[in-house]
Number of protein chains: 2
Amino acid sequence: VVKVIHGKYRFLCSGNMNEIKSVVLIGSGNVATHLGKICLEKGIKIVQVYSLNADHAQLLAQKTGSTATDNLQHINQAADLYIIAVKDDAIQELNAGLKLGNKIVVHTSGTAGLNAIQDISSRTGVFYPLQTFTKTRSLAWENIPVCIESSEQETLTILKDFAAKLTSQVFEIDSATRSRVHLAAVFANNFTNYLLDRANNIIGEELPFNILKPLVQETIEKAFDIGPEKAQTGPAVRDDMKTIDAQIRKLENHPEALELYLIFTALIHKKYHKGW
Amino acid sequence: VVKVIHGKYRFLCSGNMNEIKSVVLIGSGNVATHLGKICLEKGIKIVQVYSLNADHAQLLAQKTGSTATDNLQHINQAADLYIIAVKDDAIQELNAGLKLGNKIVVHTSGTAGLNAIQDISSRTGVFYPLQTFTKTRSLAWENIPVCIESSEQETLTILKDFAAKLTSQVFEIDSATRSRVHLAAVFANNFTNYLLDRANNIIGEELPFNILKPLVQETIEKAFDIGPEKAQTGPAVRDDMKTIDAQIRKLENHPEALELYLIFTALIHKKYHKGW
């Protein structure tokens, strides 16, 4: 019955009854900082910041015009949404120590399941922004994909509305799919960055690392435009053994790069040719 | 004596005497096509296109308002600059078969030495644009780094002026340094693209590959802004064995990705920790 009444009421109010107007940030790291900033920009109040580290909580509270606490027992119970943005390891402790009745609580982890916070509240969800956050770098939120999940339809709708205020890219996906997206992100972000580190090392000090930037930008644009499978170039896909031999010799003083060179060359060759 | 007169004349003419006003393109692939297009845009005439494949030569000749030939003996002898933009393997044949007296001749290879075209002319050089070229994609030439080289100072100056018409990023580097830059580009372009291919494969068909684009773009921006060494994130740098274990298990149906995951994780961990 409650559901029906509520449904009618929502209809009359054009869905505004469930609008998220106030948020408690649980965590004070890069993700919490960026979320705090974009919420403020969108007119959503940050009422409190919690962190185990009182100084960090205070710092983000100052930035977001909210109060700070380092005590789970003092968490404000009157916000519309509680966003847990802590390291994966810390989620378990919060699940044991934090009790928020039937408040909407989400975590922001790519890998933790929906059930990782099930003891905190009866209405839980996931709000996973697929981006790498750095406190000192600003980001265009409107393009950041946000993956949301909840086992409860109403909570999902509320989360969808909230996410849609921040970005045009909202995806409803389950925990298994999300962890796959997160794993793909490790390749696209962490490993790509390490490849650039090796490239920087090969270039050496004489030339600026920036000399590679237009190439890398075009590489990315092309891969997302025509797909990486079609975009593949280089000596391995051309079956150009002469260049491969010469490049292997040049890497004798770069053992890490050599290891990567050999495996990438073998994998790319295997994909586009019949193998050696 | 000629040199002195020439020097005076150059001074009087503000260097215009040596300006490249006409080009013969030797080759009709991606690099030749892009070079032809930008030369035209900058008011430099393409007088002829040579290709072993007469149809390809004809196609690029049409695009650039020039004539075509598939016969080395018919190459126009009156241009200011001859740009060899062919596959590395084909340079050797050109070096044996093409005779251009004292005309300025350059190749565009990242790996071939300056001496690879030494029999063609007494004035040779290198004009290596550090970019990945696709016929169907347009590029902002003004940012493309161009690496130039010549053993002759006057030719070098002429090439520098020519390159500076096309781009603001002109680098004078020797063949050994250039081949290092080219090798770094293999990591930054070919291997990065293959990582994106693996990421695409892990994401699967349910979600658009584009979901990773904002992340990859920010990864690149951050790496070139603060340097990839400082920009490194992920489970390996955090020494987060729980996530690593879970991700390895998720890759059991992705053997190529698993191979890369293990090696990247080991290399990143070794770099930022003392090793396992």
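**View 1. Left-handed crossing of helix 11 of chain A and helix 6 of chain B.** In this predicted model, helix 11 of chain A crosses helix 6 of chain B in a left-handed manner.

**View 2. Residues in the contact of helix 11 of chain A with helix 6 of chain B.** Helix 11 of chain A contributes Ala257(A), Leu260(A), Tyr261(A), Phe264(A), Thr265(A), Leu267(A), Ile268(A) and Lys271(A). From helix 6 of chain B come Leu183(B), Val186(B), Phe187(B), Asn190(B), Phe191(B), Tyr194(B), Leu195(B), Asp197(B) and Arg198(B). Of the residues in this contact, 12 are nonpolar, 2 are polar and 3 are charged.

**View 3. The axis relating chain A and chain B.** Within chain A, Thr192(A) has the C-alpha nearest the axis, at 2.9 Å from it. Because 100% of the interface residues of chain A are also interface residues in chain B, the copies meet through the same surface.

**View 4. Asp239(B) in a loop of chain B.** Asp239(B) sits in the loop between helix 9 (235–238) and helix 10 (241–250) of chain B. Its relative accessibility is 36%, so Asp239(B) counts as partly exposed. Asp239(B) and Tyr272(B) are 33 residues apart in sequence, and their C-alpha atoms are 8.8 Å apart in space.

How values were computed: Residues are numbered from 1 along each chain as its sequence is written. Chains are lettered from A and ligands numbered from 1 in the order in which they are written. This is a predicted model: local features need pLDDT of at least 70, side-chain atom pairs count only at pLDDT 80 or more; totals for chains, interfaces and linings use all residues. Side-chain values use heavy atoms; hydrogens and water are left out. A crossing is left-handed if the near helix is turned anticlockwise from the far one by less than a right angle, and right-handed if clockwise. Helices (H or I, at least four residues) and strands (E, at least two) are DSSP runs, numbered from the N terminus. Contact means heavy atoms within 4.5 Å. Ala, Val, Leu, Ile, Met, Phe, Trp, Tyr, Cys and Pro count as nonpolar, Asp, Glu, Lys and Arg as charged, and the others, Gly among them, as polar. Copies are superposed by least squares on the C-alpha atoms of residues with pLDDT of at least 70 in both. Buried means under 20% relative accessible area, exposed over 50%, partly exposed in between (1.4 Å probe, protein chains only).
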